Amino acid sequence: MKICFVNLASGYSGGENQTFLLARELKRVNIDLVAVTHPRSPLTSKLEQIGVEVVKTTNFFRGHNAPLLKDVSLLHVHDGRGVHWASVHNMLRGTPFIITRRIDNNISERFLTKLSYERASLLVGISRKICSVLKEYLPQKDVELIPSSPVSYELEEQAVNGIRAQYQGKFLVVQAATLLEHKGFDISISAARELENEDVQFLFLGDGPYKTQLTALAKGCSNVQFLGKRSDMGNWFNVADCLILPSRNEGLGSVLLEAMQAGTPVIGANVGGIPDVIKDRTTGLLIPPNSPRALADAILLEKNDEGLKKQMVENARLFVRSIAIEQTAPKYLAIYERVLGYN
């Protein structure tokens with residue numbers, strides 16, 4: 001069995017992190033693995049570093065004749081652009097493919113998109129919400145639920161101490177995401193204004209197309225800082241008093257899993273796949289969407305109720321242990337074998 005991962009995203013975010021995490025685990029258990037990726041994506045070099053051979057392409061119609069793909073048994077698609085590449089490869093070579101979908105918005109009804117999804121042997125959603133979207137889109141298709149797994153990050157003690165010294169006496173609220181409208185940074189800024197007198201500091205980690213609007217919105221707000229995209233997330237999870245994700249829609253919210261893994265308390269909006277991760281007052285705090293006041297109140301609860309915070313952190317660590325990559329990778333292996341008729 002030779003598996004080919006397909007991910008044509010040019011950047012590197014949660015989906016690419018999950019692609020890499022699964023690839024590394026499959027390599028660890030000696031699965032024959034290759035990949036088709038975008039040449040400019042950091043995912044390409046990360047896969048090569050762990051010994052995964054890569055076909056690099058930016059176009060749906062290129063790369064299909066690469067010798068590396070000659071004896072591939074199954075394609076596993078990890079992003080939207082990769083769906084079309086896999087569909088073309090299926091038409092040309094007959095290689096079956098499965099799709100893991102990570103976003104909860106409705107799927108396009110355009111002919112080529114629907115045709116590509118119809119050609120897939122099986123669909124995987126990373127949350128109950130995504131699975132329901134897939135079932136509504138193609139009721140006749142097999143749909144499986146396999147959540148994302150938490151990623152661990154290293155931390156540097158000296159850097160952690162430096163951050164703590166810089167924000168001494170502040171309750172640090174971190175939001176780590178691409179600066180997009182649906183991530184709810186504007187909600188966080190409104191909440192920050194309500195908490196300016198509470199020694200609460202908001203730190204936004206990320207870049208993106210919404211940055212100009214957000215920095216204008218935050219003008220004059222003394223407890224908000226934009227720190228850009230960070231590669232040292234382990235340090236920030238360690239110093240954060242809580243991590244927030246007040247999204248308007250969210251496939252799952254892998255950053256929540258990363259924070260939970262690191263022992264950081266979490267607050268998230270009750271949308272998309274977030275309720276799969278946050279059980280209110282059990283693994284974190286779940287708030288109504290589009291409510292700065294609810295977010296501010298939840299942050300104050302985290303700040304003032306140490307007992308509740310400690311219990312939620314312990315429960316969250318137990319939860320992420322149940323969906324560790326060692327638990328989810330065998331589920332994908334079982335799907336590969338089922339699609340290929342091995343069992």
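In α10, the residues S254, V255, L256, L257, E258, A259 and M260 are buried, where buried means under 20% relative accessible area, exposed over 50% and partly exposed in between, using a 1.4 Å probe and protein chains only. The model is predicted, so local features need pLDDT of at least 70 and side-chain atom pairs count only at pLDDT 80 or more, while totals for chains, interfaces and linings use all residues. Residues are numbered from 1 along each chain as its sequence is written, and side-chain values use heavy atoms, with hydrogens and water left out.

- Helix α10 covers residues 254–262, and seven of its nine residues are buried, so the rest of the structure largely encloses it.
- Helices here are DSSP runs of H or I with at least four residues, strands are runs of E with at least two, and both are numbered from the N terminus.
- α10 lies across β8, β11 and β12 (266–269), and runs at about 170° to β11.
- For angles like that one, axes are lines fitted to C-alpha atoms (for helices, over the stretch in contact), and the angles run from 0 to 180 degrees between N-to-C directions.

**The six-stranded sheet**

- Six strands make up an open sheet with parallel pairing, in the order β10-β9-β8-β11-β12-β13.
- At the edges sit β10 (224–226) and β13 (285–287), each pairing on one side only.
- From one strand to the next, the twist averages 20°.
- Strands count as paired if DSSP finds at least two bridges between them.
- β8 (residues 171–176) and β9 (residues 200–205) run parallel and are joined by six bridges.
- Within that pair, V173 stands opposite F202 of β9.
- Helix α7 (residues 185–194) lies across β8, β9, β10 and β11 (242–245), and it runs at about 160° to β9.

**Where α7 meets α12**

- Two packed helices are described by the angle between their axes and the distance between the axes.
- For α7 and helix α12 (residues 292–304), that angle is about 60° and the axes are 8 Å apart.
- α7 and α12 are therefore oblique to each other; angles under 35 degrees count as roughly parallel, over 145 as roughly antiparallel, 65 to 115 as roughly perpendicular, and the rest as oblique.
- The crossing of α7 and α12 is right-handed: a crossing gets that label if the near helix is turned clockwise from the far one by less than a right angle, and is left-handed if anticlockwise.
- On the α7 side, I187, S188, S190, A191 and E194 make the contact, and on the α12 side P292, R293, L295 and A296 do.
- Contact means heavy atoms within 4.5 Å.
- Sorted by class, the contact of α7 with α12 has five nonpolar, two polar and two charged residues.
- In that sorting, Ala, Val, Leu, Ile, Met, Phe, Trp, Tyr, Cys and Pro count as nonpolar, Asp, Glu, Lys and Arg as charged, and the others, Gly among them, as polar.

**The seven-stranded sheet**

- Seven strands form an open sheet with parallel pairing, ordered β3-β2-β1-β4-β5-β6-β7.
- Its edge strands, β3 (53–56) and β7 (143–145), each pair on one side only.
- The twist here averages 25° from one strand to the next.
- Helix α5 (residues 128–137) packs on this sheet and touches β5 (97–101), β6 (122–125) and β7, with its direction making about 180° with that of β7.
- Strand β1 (residues 2–7) pairs with β2 in the parallel sense over six bridges.
- In β2, V34 is the bridge partner of C4, and T37 is the bridge partner of N7.
- Five of the six residues of β2 (residues 32–37) are buried, so β2 is largely enclosed by the rest of the structure.

- Helix α3 (residues 80–93) and helix α4 (residues 111–119) cross at roughly 65°, and their axes come within 9 Å.
- That crossing of α3 and α4 is left-handed.
- V83, H84, S87, N90 and M91 of α3 meet L112, T113, L115, S116, Y117 and R119 of α4.
- By class, the contact of α3 with α4 has five nonpolar, five polar and one charged residues.
- A86 is part of α3, and A86 is buried, with a relative accessible area of 0%.
- Leaving aside neighbours within four places in sequence, A86 is in contact with L75, V77 and F97.
- A86 and V36 are 50 residues apart along the chain, and their C-alpha atoms are separated by 9.7 Å.
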